[in-house]
Amino acid sequence: MEKFSAYCNALSHASARVVANATGFIVLAMFCSLFLQVVSRYCFNAPLSWPEEVTMFLMAWMSFLGASVALRNWEHIGVDFVLERIHGQRRTALLIVIRLVALIFALFLTVKGAVFVAESTNMVSDGLRISMVWPRLSMPVGGAFMILHLVALLSQDLLNFRAGRE
């Protein structure tokens, strides 16, 4: 179990670094796209049709990938009132339950996202004329990263619970 936990944690950490860097590039691309739209509209009075759609698609990728990185670091908004007042193994047990619920949600997100992608194979975006599979793929990919991070967190929590650590 310890080797599995170490492997999951290393994989989770490495993928979170890659995804965090990718998210930074996505934010930069969003900025450039919006800047180009503003310049073309207000300086040349010739608005482009595609930058808004690019930004919208990149926003979906940024949201799902960023959510997975935040989950890795356990930085999502949450109600910690009860968790902060419990200590010892009871706290670890409650944390395991919370992470299991999050894992169920991530599994749901990934499966439903895959169905959503499969249903979009014949759809094409209006502005860019690309397959809608690409922007919608952000949902199951982000969900898969969430599952990876939650498995790593849960394996560490289970080790802590077995060892009696908090």
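**Figure 1. Helix 1 passes helix 6 in a left-handed crossing.** A crossing is left-handed if the near helix is turned anticlockwise from the far one by less than a right angle, and right-handed if clockwise. The model is predicted: local features need pLDDT of at least 70, side-chain atom pairs count only at pLDDT 80 or more, and totals for chains, interfaces and linings use all residues. Residues are numbered from 1 along each chain as its sequence is written, and side-chain values use heavy atoms, with hydrogens and water left out. Helices are DSSP runs (H or I, at least four residues), numbered from the N terminus. Helix 1 (residues 2-42) packs against helix 6 at an angle of about 145°, and their axes lie 9 Å apart. Axes are lines fitted to C-alpha atoms, for helices over the stretch in contact, and angles run from 0 to 180 degrees between N-to-C directions.

**Figure 2. Residues of helix 1 meet residues of helix 6.** Contact means heavy atoms within 4.5 Å.

**Figure 3. Ser155 and His149 are both placed in helix 6.** Ser155 counts as buried because its relative accessibility is 3%; buried means under 20% relative accessible area, exposed over 50%, and partly exposed in between (1.4 Å probe, protein chains only). Not counting residues up to four places away in sequence, Ser155 touches Met1, Phe4, Ser5 and Cys8. His149 is likewise buried, with a relative accessible area of 0%. Leaving aside neighbours within four places in sequence, His149 is in contact with Ser12, Ser15, Ala16, Ser68 and Arg72. His149 and Trp74 are 75 residues apart in sequence, and their C-alpha atoms are 9.6 Å apart.

**Figure 4. Asn160 has its place in helix 6.** With 12% relative accessibility, Asn160 counts as buried. Asn160 touches Thr92, Arg165 and Glu166, not counting residues up to four places away in sequence. The C-alpha atoms of Asn160 and Ala93 are separated by 9.6 Å, although these residues are 67 apart along the chain.

**Figure 5. The largest pocket has a volume of about 490 Å³.** Of the 21 residues in its lining, Trp74, His76, Asp80, Leu95 and Ile98 are the closest to its centre. Helix 3 (81-85), helix 4 (89-119) and helix 6 are the elements that give two or more residues to the lining, and helix 4 gives the most, with seven residues. By class, the lining has twelve nonpolar, four polar and five charged residues. On a 1 Å grid over the protein atoms alone, a pocket is an open set of points where a 1.4 Å probe fits, with protein on both sides within 12 Å along at least five of seven lines; lining residues have an atom within 4 Å of a point. Grid points are joined across faces, edges and corners, and a volume is the space filled by probe spheres set on the points.

**Figure 6. Asn45 and Arg129 have positive phi values.** Most residues other than glycine have a negative phi. Asn45, with phi near 50°, lies in the loop between helix 1 and helix 2 (51-72) and counts as exposed at 67% relative accessibility. Arg129, with phi near 60°, is in the loop between helix 4 and helix 5 (133-136) and is exposed, with a relative accessible area of 58%.

Conventions:
Ala, Val, Leu, Ile, Met, Phe, Trp, Tyr, Cys and Pro count as nonpolar, Asp, Glu, Lys and Arg as charged, and the others, Gly among them, as polar.
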